[in-house]
Amino acid sequence: MKTSSFLILVASFIVSLLLTPNHALAWGADGHQSVGAIADALIKDTKAGQRVKALLGENTLEQMSVWADCVKGIAPEKDFAYTSAGRFPECAFLENPAAIAAMADYAKRNHSDCKPAFDEESCHKQYHYTNLALQHNEYKQGRVGSNDRDVVHAISAAIMVLQGKPAPAPFNIKDQREAVLMLAHLVGDIHQPLHVGSVYLNAEGKQTNPDEGNYDRGTHTVGGNALQCPCGNLHALWDDIPVPLKRGRGNDALIQKAKTIAKTNAPIEQWSTLWANDALRDAKIAFASTQFSASTPNQRGNSWSIALPLEYEKTMAKLKEDAMVRAGAHLAQIFTTVWPE
């Protein structure tokens, strides 16, 4: 097939996604809530479920799974005021004085203790991801894209708080409730392939290994956010989930699949690393056969146009479903391990 025909087919596929009713960039909303709903079901009528309920009150993991993203509406440059009122329907139930105060308190405590570089986000926003090069098969701290405040370390820190231990620096986690809120979201994030694996490209659009030689910041595609397609960017395409997987639709089927997931067979301290390794494996599949153009500089850095292989929709759908099922099962496993019967 000629390249021009290939690109037309890919563009048509992505446009069809954009025209799908109720389309939303929603691993941070519907997707996370589906993960939370799976975990809610798996810990129901257990000691862990009782403990989570005691910490969350009338709220469920499904509802609170968006909390860590809603916190991003707190603006440090505006004296930590909440600036996203009315913008995100999933955050509406948190838009009251008490909940906003709690989010602002968390944001203040987790804003700058990690000493972010000039071009990095607030510390708590960095808790949501790591950016490992696809040339690697496993997570190791010290590699480009990893650090002591990435999603691997954030999950481990929150688990420590559930165990009654203090959170290691740079994390400032007030109590077990806040740790549950973090885990309800971040366990979903670490299973999203593009929250872990990232492609690094030179100016010609050729893949490079940032851990070989001197690292060039200009090669970083920011988890696919700098990879442009008719949908906007590749990361946004992966954040979306198919309609059958959205909250309240396929939960029963996903819950049944989650019950078949084998428990992570390792000490709990190693779980987030192992889950990152799985996501890195999925990221390799996500980027397989993807074609990249030469880079185009813009105000945010470099960007690259991409061409996706045929059948990409099916590849994404399968990886997303598998990842969400594992995330729900693993979130539940944390609680049932910390609070066993």
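1. Helix α9 (residues 176–190) packs against helix α13 (residues 312–338) at an angle of about 150°, and their axes lie 9 Å apart. Axes here are lines fitted to C-alpha atoms, for helices over the stretch in contact, with angles running from 0 to 180 degrees between N-to-C directions. The two helices, α9 and α13, are therefore roughly antiparallel (over 145 degrees; under 35 is roughly parallel, 65 to 115 roughly perpendicular and the rest oblique). On the α9 side the contact (heavy atoms within 4.5 Å) involves Val180, Leu183, Ala184, Val187 and Gly188, and on the α13 side Ala327, His330, Leu331, Ile334 and Phe335.

2. Before going on, please keep in mind that this is a predicted model, where local features need pLDDT of at least 70 and side-chain atom pairs count only at pLDDT 80 or more, while totals for chains, interfaces and linings use all residues. Residues are numbered from 1 along each chain as its sequence is written, and side-chain values use heavy atoms, leaving out hydrogens and water.

3. Helix α3 (residues 47–56) also packs on α9, at about 105° with axes 9 Å apart; α3 and α9 are therefore roughly perpendicular. Arg51, Val52, Leu55 and Leu56 of α3 meet Gln176, Arg177, Val180 and Leu181 of α9.

4. A further partner of α9 is helix α8 (residues 151–162), at an angle of about 150° and with axes 9 Å apart. Among the residues in this contact are Ile155, Ala158 and Leu162 of α8, and Ala179, Val180, Leu183 and Val187 of α9.

5. Do have a look at helix α12 (residues 271–287): its 17 residues reach 25 Å from first C-alpha to last, close to the 24 Å expected at 1.5 Å a residue (1.5 Å times one less than the number of residues). Its buried residues (under 20% relative accessible area, 1.4 Å probe, protein chains only) include Trp271, Trp275, Asn277, Leu280, Asp282 and Phe287. Just after α12, serine 289 has a positive phi of about 65°.

6. Finally, the sheet: three strands form an open sheet in the order β5-β7-β6, with mixed pairing (two strands pair if DSSP finds at least two bridges between them). Its edge strands, β5 (227–228) and β6 (291–298), each pair on one side only. Strands β6 and β7 (residues 301–307) run antiparallel and are joined by six bridges; asparagine 298 has glycine 301 in β7 as its bridge partner.

How values were computed
Helices (H or I, at least four residues) and strands (E, at least two) are DSSP runs, numbered from the N terminus. Buried means under 20% relative accessible area, exposed over 50%, partly exposed in between (1.4 Å probe, protein chains only).
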